[in-house]
Amino acid sequence: MIFEGQPSLKGALVELRPLRPEDYDDLYAVAADSLIWEQHPARNRHEEAAFRTFFAEALASGGALLVTDAETRRVIGSSRFHGYSEERSEVEIGWTFLARSHWGGRYNTELKRLMLRHAFDYVSSVVFFVGPENIRSQRAMQKIGGVLEPESDAEGRFVYRITASAFAGEWLNVRRKSE
């Protein structure tokens, strides 16, 4: 089964759909906030030239998703699937950013849960790469159940992993608590 890298996904808080060229202005309006990038290795993505490159790479990736607020339908960010490997039964989720108005966990948690649920229809493991200075993303990974691998990647980034079995077990626990 071939991995579908640009699904349309819908939750109670967020909706995701494939990123399109005509999304540039709305997405840049979110990304232009320099505070979004202050802990990121590419701290200049709020500058239009840097964002233009980021956006072009996202479109070319075949895995970029636009994130909108499910209630207001306004663009609030993006995320991406990358590096699908059928042999390793693995895909990466990354390049996620959200408008500061949507920080605090609920939106990112739902966004990642939707992406994880989709990914686990195809793979048994999802990886996330987080810069050592990106404390916000490290905390977000812990909130959604990411397990820190013992070694960093070649670029010195932390590697977090979530397996399908851990996600299914955690997801069942969430459902039981809400029932």
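Analyst: A residue is called buried when its relative accessible area is under 20%, exposed when that area is over 50%, and partly exposed in between (1.4 Å probe, protein chains only). By this rule E149, at 26% relative accessibility, counts as partly exposed. Buried residues make up 46% of the 179 residues in the protein chain. Please note that this is a predicted model, in which local features need pLDDT of at least 70 and side-chain atom pairs count only at pLDDT 80 or more, while totals for chains, interfaces and linings use all residues. Residues are numbered from 1 along each chain as its sequence is written, and side-chain values use heavy atoms, with hydrogens and water left out.

User: How many helices and strands are there in the protein chain?

Analyst: Helices (H or I, at least four residues) and strands (E, at least two) are DSSP runs, numbered from the N terminus. The protein chain has five helices and eight strands. Their order from the N terminus is β-β-α-α-β-β-β-α-β-α-β-β-α.

User: What radius of gyration does the protein chain have?

Analyst: This radius is taken over C-alpha atoms, and the globule rule is 2.2 Å times the number of residues to the power 0.38. For 179 residues a compact globule would have a value near 16 Å, and the protein chain agrees, with 16 Å.

User: Which side chains meet in salt bridges, and why might they pair?

Analyst: Side chains of opposite charge can pair when their charged atoms come close. A salt bridge is counted when a side-chain nitrogen of Lys or Arg is within 4 Å of a carboxyl oxygen of Asp or Glu. The whole structure contains 13 salt bridges. One of them joins E38 and R136, at 3.1 Å from N to O. E38 is in the loop between α1 (24-31) and α2 (48-61), and R136 is in helix α4 (residues 135-143), so this pair ties together parts 98 residues apart in sequence.

User: Where do E48 and R52 lie?

Analyst: Both belong to helix α2, four residues apart, which is about one turn of the helix. E48 is partly exposed at 35%, and R52 is partly exposed at 46%.

User: Which residues are linked with E149 in a network of salt bridges?

Analyst: The network links R88, E90, E149 and R161. Within it, the closest N and O atoms of R161 and E149 are 3.2 Å apart. R161 lies in strand β8 (residues 158-163) and E149 in the loop between β7 (147-148) and β8, so the pair connects parts 12 residues apart in sequence.
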